[in-house]
Amino acid sequence: MNFKNHFEKIDFLLAGATAVFIFLMIFLTGSAIGFVRDEGFYMKAAGNMADWYESIGTNISNGEFAKIFSKKEIDRYFNYNSEHPPFMKELFGLSQFIFTRKLGIMSAPESARLVAAVFAALTALMIYLFGLIFFSRTTAVASPLLFFTMPHIFFHSHLACFDMPILFFWSSTFILYMICLKTKKTSVHAVTAVFFAFAMATKHNVLFIPIVLFVSWLFFYIFSYRKEADKSGLAGFFRAIPKVFWFMAVISLPLYFLIWPRMWFNTADRLMTYAEFHGKHVNYLNYYFGTPLKNGPFPFSFPWAMTFFTTPTPQLVCFFAGIFYFCRDLFKSGKTCEKEASLAMITGSLFPIFLIAWPSIPIFGGIKHWFTGYPLMLTAGVFMIEESAKKLIKTDNCRKKLFVPVLFAAALVSLIQPDIKFAKRGAAFYNELIGGAQGAAEARMQRNFWGYDMIDLAGTLNSEAPKNAKLYIMSSYEGLNQNSFRFMQAAGIIRSDIRATNTLNEADFALFFYEKQNEFILNSIAYEFGTIRPLAVSSTDSVFYSALFRREK
Amino acid sequence: MKNLSAIIEKALLFLFALSVVSTFAFWWTGLDERNALDQETERKFAEILNKNFKSGDLVFTENDWDLDFLKYLDSGILPVFLDLRNATEKSVAMMKSGDDRLFLLLKSDGSREKYVKKLNLKVLETFKAGKGEVVLAETLYKTVKKSLVFSRDIGKAERVAFSDGEKSEECRKVSEKKWQCSDEDWNYVGLTSAFFNGQQKQAVWAHPVSGKTLEITFALRGVSRKLYFNSGFAESAYRSKNRAPVGVEIAADGKTLLKYTNPFTSSTISKNAKIPENTKELTIKLTTSDDRQRHFVFNGFITDEL
């Protein structure tokens, strides 16, 4: 893979338009998507961060500079949700501090989702640049659009969570590493290390990156680099290590700690607790072809099959094409650094899927935990399709010019219908290879995730519930949690006088979020309320996802 | 090698074009909706149930994902089980508490034969319901006469309480099917349904609390000869890394009849024991060392036949 194009004037327009379009598309459709359980935690943490920013102002005006970073203050604002690093929560909090508390122009949940929309725009920009620099302008334009028309991606792009930001950081870090290999410029290596610090401060997924890249580099060192002048022997080995790895130690790590003040105190203990949380993470039961995956070892096929069935088919073909492109480059390239770059792209694309496929690794939920490398293989795949299409039409230049854009435009148009259907519940999308939502339900795949799917029920709840009614939210299972309920009220989705309860027998209304393992709750509600007749149902293609019930006895 | 690469390139381009066509064909022509029940069938399902359902009957649907018929049901028609496909002759028979009848809601009349044979049913009546069919049946599976069914009779328990050896906290009976033991949603003893070795059955939810013993006492009337007892964890428990087992002890008039540890594994445990003559009281005692997500369930019955 080589640098193919420079960023020209027209690219300001195209990249800018793409990023702005994606930002608006995500931000303006936010109210169509309910709040997932995780958002409840992160929005609460964002409130703590906004409090911290307020307290900084107060402490400065009181002349108490030392207090700002005292253990007591830091623990007060950073201890909540300490199992995840703080960078995104700091941004959610900053957004809340500015747009909610100071300017008063949006609710706290909206301010958090604004940050999510910004990251979606950054991801679009990253894909554009990757497409332009390494492939073609057509690829640069088509790839972000194809990327965001995947219903799962569209859905996750809205959420004030870490999954899309870490996708951005994961893919960008691999792209930057590839640029490091090609340019050898110290500044690029240093920028990559700075960037990587923010990646680490976003989510732990990226901690694997230096390991896999170093192992890959070591492989090429043993078989090739060490034969170069000055690179043999122990001293040569250390000289040969790309600067970016040294910078990750001396720049990324300190910066990471700087971004995460909670780690300044009781560092070893807190790091250990952080590592333990993720090392011993709970398994989220998933139904997979009718089998409840309760305890490991889990089937190796799980994330592969889920990727196969939850990606729209045009993008799925691009994934295959992208991997083929990288593999061909790996074997075709003459230069070792180009081979290494191709291997890095394959690793960046597939390592997240391999990791979850490992039988002893718990299943954390939906595809969001392994989609971090999708932009890499998608973009290369789009280029591969573009090139193949151009080769097909050899004679007529005009037809050649039109054929490729028409092909990608047709793909995008074909995706409008499924995207609209699953706009509110992208996490429930399955492609036609399994028969869509109905086919997946018939095959008894996990139907939906994270108890967010109640936007279709909110209108009925708000109009039917008497003042101060109590709503059962299924919080002990895969339903809403108290935080996400509270933020739905703050966002005006649920009426503010309605109270959430986790005790069914004191509830006037009940939400039921369908998952096969929670099927028993449907009858529990029915026994308690005296009826199994729902007041409202949320469904796509007649597949039942969630429902609202009213007590009748 | 070059030729192979060119062939793969062409194949991928072909697949991409095909994928665009298949996306159009599937999502724009209604193929994605093709297996849904039509509205007439849904209304008919509900109409037939509304007219013929008697308290205690059980409803099974063949389709567990298109549940729009629920919208037209009258109050009191419950429970509805969504796992007909995996049901077996024995699992269905064991869900019955007495002379209950079964309603099978089938997508078409073509599947009637299959289920009647598989579940060993005697068809009492069939109803045409749009494109589907409702079968009213009773099971021919011979079961012993049950004088006490834990799930059916949980409301008839003499006492449900937590005890720490010195004092006890009584659970409050909130309905014929439920005893609430605190304000926590999970802290109750009551009717639920759960998967026992892959088959959905009626069961009693009984969440133990660490440091205490959950005691459920039933008075035995008439002749009680044998106890059948099944226990395990509801699937919702498997989201936990807590591996703590649940200790089970069943005592007849204070004397231990059964005692075992139910490990946190996927399979459920089945036990049986003879009940001494003239036993007046049966107590089920549950304990655990760590109560996080111990979504414990049991079912079973007492029969006067050996």
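Predicted model: local features only at pLDDT ≥ 70, side-chain atom pairs only at ≥ 80, totals over all residues.
Two strands are taken as paired where DSSP finds at least two bridges between them. The hairpin formed by β6(A) and β7(A) has 2 residues between the strands, and Asp541(A) adopts a positive phi near 50 degrees in it. Strand β7(A) is mostly covered, with 7 of its 8 residues buried.

The domain assignment divides chain A into domain 1 (9–377) and domain 2 (455–550). The centres of these two domains, taken over C-alpha atoms, are 34 Å apart. Contact between them involves 18 residues of domain 1 of chain A and 10 residues of domain 2 of chain A. On the domain 1 side, α2 (37–61) and α6 (108–134) of chain A each supply at least two residues. Of the elements on that side, α2(A) gives the most, with 6 residues. The composition of the domain 1 side is 11 nonpolar, 3 polar and 4 charged residues.

One position in helix α17 (residues 336–357) of chain A may be examined individually, namely Ser349(A). Ser349(A) counts as buried because it has 24 C-beta neighbours inside 10 Å, the cut-off being 20 or more. Apart from residues up to four places away in sequence, Ser349(A) touches Gly322(A), Ile323(A), Gly373(A), Leu376(A) and Met377(A). Phe364(A) lies 15 residues from Ser349(A) along the chain, and the C-alpha atoms of the two are separated by 19 Å.

The description now turns to the contact between the chains. Here 55 residues of chain A are in contact with 53 residues of chain B. On the chain A side, the elements that give two or more residues are α16 (313–332), α18 (374–392), α19 (397–414), α20 (416–421), α21 (436–442), α24 (519–529) and β7 (543–550). The most is given by α16(A), with 7 residues. By residue class, the chain A side divides into 29 nonpolar, 18 polar and 8 charged.

The largest nonpolar core has 263 residues, of which Leu511(A), Phe512(A), Leu104(B) and Val189(B) touch the most other members. The largest share of this core comes from α6(A), with 17 residues. Around Val189(B), leaving aside neighbours within four places in sequence, the contacts are Ile154(B), Val160(B), Cys171(B), Trp179(B), Cys181(B), Val204(B), Trp205(B), Ala206(B) and Ile216(B).

Chain B also contains an open sheet of 6 strands with antiparallel pairing, in the order β8-β7-β13-β18-β15-β16. Its edges are formed by β8 (168–170) and β16 (255–262) of chain B; each has a single partner strand, so one side of each is left without a neighbour in the sheet. On average, neighbouring strands of this sheet are turned by 20 degrees against each other, direction ignored. Within the sheet, strand β13 (residues 213–219) of chain B runs antiparallel to strand β18 (residues 281–288) of chain B, and 6 bridges join the two. Ala219(B) stands opposite Glu281(B) in β18(B).

Note on methods: Residues numbered from 1 in each chain as written. Chains lettered and ligands numbered in written order. Helix = DSSP H or I, 4+ residues; strand = E, 2+ residues; numbered from the N terminus. Axes fitted to C-alpha atoms, helices over the stretch in contact; angles between N-to-C directions. Contact = placed C-beta atoms within 7 Å. Nonpolar A, V, L, I, M, F, W, Y, C, P; charged D, E, K, R; others polar. Domains from an automatic or database assignment. Core = buried A, V, L, I, M, F, W, Y, C linked by C-beta atoms within 7 Å. Buried ≥ 20, exposed ≤ 12 C-beta atoms within 10 Å, placed from the backbone.
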